[in-house]
Amino acid sequence: MVSIRSIPSTPSSLTYNDLPWIIEHREDRCTLCGRCTSICPTQSLHLTYHRQRMPQLGILKKKRGSEYRVFTGIRQSTSLEHRCTGCGMCSMVCPNEAIGPFPNSNDDRARFHSHQKGEAWKRGGRRNDRHSLLDQLSFNRISMLTDPALDAGRHEFYLNTILGRVLPPEEYIRRQAAGEWIPPTREIFPFIIGSMSFGALSPNMWLGLLQGVAYCNEVLNIPVVMCTGEGGCPPWVLKSPFLKYLVLQIASGYFGWDEIIRAIPDMQCDPAAIEIKYGQGAKPGDGGLLMWFKVSQLIARLRGVPEGVDLPSPPVHQTLYSIEESVMKMIQTLSMAWDFRVPVYPKISGSTSAKAVLNNLVRNPYASGLLIDGIDGGTGAAYNVSMDATGHAIASNLRDCYLDLVAQGKQNEIPLFAAGGVGKNGNVTQNGMGLIMLGASGVHIGKYILQAAAGCLGNEKNRCNVCNLGICPKGITSQNPKLYRRLDPDQVAQRVVDVFMGIRTEMKKIMAPLGRSQSLPVGMSDALGIGDEPAARRLKIRYVC
Amino acid sequence: MCRLAMKTAAEPFSPYTVLQAMEAMQEGYDGSGLGLLLRGMNFADFNYQAGEPILSGIAHSEAALHRLNQMLQDRGFTLKYDHEFQVRPELIEAKDRHKYFLRVYKQPLSWKEWSREQVENELMLTRLALREDGLRDNDLTVFSFWPDVAIIKEVGWPLQVGDALGLADNRITSRICMAQGRQNTNYGINLYACHPFFIQGVGTMTNGENTAFVPIKEYLTGLHRPGYVGYQSDSEVFAHILHYVTRELKLPLEAYKHVITPLKTEELEKHPQGRFLRGLRDACRRMIIDGPNCVMGSMPDETCLLLMDTKKMRPATIGGRPGEWAMASEMCGVDAMIPHRDKSLDFQPMRENTVIVPAHRKEFVIWSQFDPYPLHRAA
């Protein structure tokens with residue numbers, strides 16, 4: 001039967017009421033300056049003509065009926081491609097508070113139509129789940145008796161952690177006496193800027209982070225390190241003294257490693273560490289994905305690829321047959337590249353098999369640590385389903401691994417680092433210290449640093465999340481100079497410094513009442529409590545109510 | 001907070017004199033326990049021969065005592081001397097004290113050919129077996145089984161416990177006496193929670209609380225060494241770390257402070273052996289204590305030591321004269337133990353110091369963590 005075409009409705013027709021974000025526009029305040037329409041990253045806003053009925057109330061007049069007014073107004077697009085993402089840039093630029101997006105309290109019908117042209121929905125950002133177990137942790141073992149709480153403001157605190165393999169004491173002494181190789185270690189701040197690649201981030205963002213990190217190290221004596229992610233980093237950085245603040249990542253695409261290997265003879269110092277990425281919490285089983293529109297001339301040069309092509313990294317390292325083999329080969333090869341002076345550690349996605357990987361590393365004399373990235377981790381681009389539903393929460397995964405090491409008397413010999421959802425609701429220090437007390441030697445933060453240091457607009461209610469499209473309205477994850485020029489690297493650096501100074505103070509505020517100041521309270525699970533009984537049982541911490 | 005008093009003298013003295021010092025410091029404890037460690041034993045009623053193991057503990061029932069006798073007999077020990085305390089039970093709070101035992105044994109003949117290490121391990125294993133046996137019905141408590149060392153622990157006020165056991169009668173004297181008046185903190189009143197703690201000749205006692213207790217306990221337990229058990233008190237780890245550093249790692253005594261309270265990175269960078277010590281700090285980071293604590297200890301060769309944690313919020317004083325030295329967590333404790341001394345020579349260690357009284361007792365030595373570390377001995 002032929003369908004009626006007079007009613008404009010296709011299966012995927014949506015109204016503004018079906019979209020996750022509804023733009024509220026106040027015509028009475030709008031001056032039609034056009035700033036909102038020009039800044040909208042998805043071109044959701046458009047100027048259009050509207051007709052308004054003007055009722056005639058003059059009852060004595062002979063002429064009946066209505067008059068109509070035609071005016072220019074703003075409307076939101078109902079096509080999925082140009083849907084409003086709720087980023088709110090329109091309200092940020094509006095001089096008259098005339099416009100802004102609001103979350104739709106109705107069902108989000110748009111979700112059911114996201115597979116247009118057979119392509120599953122992809123996005124950047126986060127998992128969009130406000131729940132955080134880490135937020136529920138509280139620090140309960142307050143020193144009240146013979147061990148008075150300390151003065152967080154005046155007492156001296158040792159807040160750093162160790163990245164790198166630590167030998168058992170007997171073995172350390174034996175090797176010292178015999179003059180044998182001692183695995184390299186780094187003393188670093190336990191909050192690490194997690195791996196975000198030079199291609200995923202804009203040059204201004206990356207520069208701002210690096211400037212901030214350098215300031216933290218060189219002026220404030222906070223030894224912060226940041227991880228490059230896959231894709232290398234600019235040659236001038238490789239040959240600069242700032243390299244020592246960087247953890248260079250190698251992932252399955254090996255992007256950027258030509259430049260790195262070529263720069264080794266000219267390096268002034270060693271990098272902080274090498275991270276081998278096997279998996280990522282946000283999209284386990286997926287490799288990195290840099291969309292073609294983010295592969296600018298600079299990125300193409302760094303990665304040694306043509307400009308404007310999609311750069312998907314394979315899900316696994318193509319040279320390997322199993323992780324055991326990979327661990328042996330890659331860790332040794334990369335250790336050898338720097339003459340065994342640089343810690344090399346793998347990063348895996350949170351998984352029920354994490355313990356097996358860990359035990360494999362325990363027996364590998366060159367492995368320097370293990371980073372486990374939980375399901376709440378962020379990413380620049382991934383399939384919706386990967387981000388939402390694939391992976392393992394970090395808390396229990398980390399705890400299991402730590403307790404496994406405790407049973408072997410090997411805790412912190414292979415330091416465990418945790419990531420994925422640290423600070424997702426803004427409680428970065430509380431989340432991080434919670435994980436440390438569950439057994440992590442440190443935590444990686446990604447999304448939090450973008451939000452805090454660069455004003456990333458994303459949140460756990462699916463706001464913005466267009467990092468994959470290269471249209472980041474703040475210029476954080478775009479390679480388009482028109483966009484990233486919005487971001488001032490100096491201001492980012494300033495915010496990075498603010499963040500780490502804040503974390504440092506908050507760490508003291510957590511440690512002081514616990515009576516801890518001499519070492520980072522790794523595994524101090526007696527200090528932790530949670531109001532969720534099954535979680536307390538699972539994590540082997542105290543249930544408090 | 002617990003109170004600590006320790007005296008070391010060339011001439012054996014009665015532990016009662018140390019208990020009197022505890023009395024001088026009595027504001028600081030709540031009568032939840034007294035612990036005494038005597039070293040360099042001398043019995044008025046028995047001619048003690050060096051090297052003979054002394055078993056200290058409490059049998060809470062006749063059956064337990066019987067089991068103890070049987071177990072030691074089965075292992076080939078012969079009882080040589082059984083010290084009879086002049087007990088006044090009315091002064092003791094607990095009612096299940098069948099017998100306080102302090103006995104000298106002759107070790108099995110078959111051990112004659114054994115190396116010293118073998119003998120020492122077997123002595124520890126025997127103590128642990130007795131302890132485990134006693135824990136089954138909580139009717140037998142064993143504190144030590146070691147040559148030249150006796151330990152007495154009891155719940156109650158120190159002087160009252162001393163009177164209850166007739167310690168003023170001078171029948172037991174020793175060259176070293178360590179005493180702790182316990183202030184009960186987080187952990188239940190338990191005889192095994194009383195200091196001093198002892199393992200294979202190494203004895204320590206501590207005041208204050210070690211807030212890094214749980215991770216350290218987990219680490220020591222994970223080493224799966226037979227003696228690293230217990231941990232009814234957060235302070236037991238101090239004895240085990242000292243044992244681990246000196247006996248297992250075979251490091252000099254100076255290393256102990258570098259392990260439990262390492263120097264800061266910037267301090268190590270200026271230290272002549274900074275690289276080694278930084279590596280040691282990393283390797284032993286799981287044993288870094290987080291006080292505030294004052295630690296007093298004694299070693300098998302009668303060397304005594306005194307040190308503070310890095311926060312130095314638990315000051316302690318050492319004073320005395322050649323031949324006899326006293327340490328106490330309060331200055332009045334030193335006064336009570338050795339009143340006639342040159343007080344201007346008293347010393348309160350700083351955060352980097354370890355005070356050592358060598359076995360000759362002619363003087364005490366002050367070590368600093370900033371001093372060069374004896375690397376040749378480390379190897």
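Start in chain B. Select B:Arg127, B:Arg131, B:Phe143, B:Phe198 and B:Glu236. Of the 15 residues that line the second largest cavity, these lie nearest its centre. Keep in mind throughout that this is a predicted model.

In chain B, α3 (116-137), β6 (140-147), β7 (149-154), β9 (197-199) and α6 (236-248) each give at least two residues to the lining. Which element supplies the largest share of the lining? Select α3(B): its share is three residues. Then color the lining by class. Nine residues are nonpolar, two are polar and four are charged. Zoom out before moving on. Over the whole structure, a search finds eleven cavities of 30 Å³ or more.

**A cis peptide bond**

Stay in chain B and select B:His195 with B:Pro196. The peptide bond from B:His195 to B:Pro196 is cis, and its omega is near -10°. Where does B:Pro196 sit? Look in the loop between β8 (172-181) and β9 of chain B.

**The interface**

Show both chains. Chain A brings 44 residues to the contact and chain B brings 45 residues. Interface size is often quoted as the accessible area that is lost when the parts come together. Here chain A and chain B bury about 3400 Å² between them, with 53% of that on carbon and sulfur atoms.

Between chain A and chain B, 20 residue pairs are in polar contact, counting pairs with both residues at pLDDT 80 or more. How many salt bridges cross the interface of chain A and chain B? There are seven. Select A:Arg141 and B:Glu209 to see a salt bridge between side chains, at 3.1 Å from N to O.

Now hide chain B and look at the side of chain A that touches it. In chain A, the elements that give two or more residues to this side are β7 (161-163), α4 (169-178) and α12 (394-407). Select α4(A) in particular: with six residues, α4(A) makes up the largest share of this side. Color by class again. The side of chain A that touches chain B has 18 nonpolar, 17 polar and nine charged residues.

**A salt bridge within chain A**

Side chains of opposite charge can pair when their charged atoms come close. Over all chains, the structure holds 59 salt bridges. For one of them, select A:Asp376 and A:Arg127, whose closest N and O atoms are 3.0 Å apart. Why does this pair tie together parts that are 249 residues apart in sequence? It does so because A:Asp376 lies in the loop between β16 (370-373) and β17 (379-383) of chain A, while A:Arg127 lies in the loop between β5 (122-125) and α3 (133-136) of chain A.

**A positive phi**

Select A:Asp339. Phi of A:Asp339 is near 60°, a positive value in a residue other than glycine. A:Asp339 is in the loop between α9 (323-337) and β15 (344-349) of chain A.

**Last stop: a pocket**

Select A:Leu80, A:Glu81, A:Arg83, A:Trp121 and A:Leu469. These lie nearest the centre of the second largest pocket, which is lined by 23 residues. The second largest pocket holds about 800 Å³ of space.

Notes
Residues numbered from 1 in each chain as written. Chains lettered and ligands numbered in written order. Predicted model: local features only at pLDDT ≥ 70, side-chain atom pairs only at ≥ 80, totals over all residues. Heavy atoms only, no water. Contact = heavy atoms within 4.5 Å. Buried area = accessible area lost by both parts, 1.4 Å probe. Salt bridge = Lys/Arg side-chain N within 4 Å of Asp/Glu carboxyl O. Polar contact = N/O pair within 3.5 Å; in protein donor to acceptor, adjacent residues only side chain to side chain. Helix = DSSP H or I, 4+ residues; strand = E, 2+ residues; numbered from the N terminus. Nonpolar A, V, L, I, M, F, W, Y, C, P; charged D, E, K, R; others polar. 1 Å grid on protein atoms, 1.4 Å probe; cavity = no way out; pocket = protein on both sides within 12 Å on 5 of 7 lines; lining within 4 Å. Points joined across faces, edges and corners; volume = space filled by probe spheres on them.
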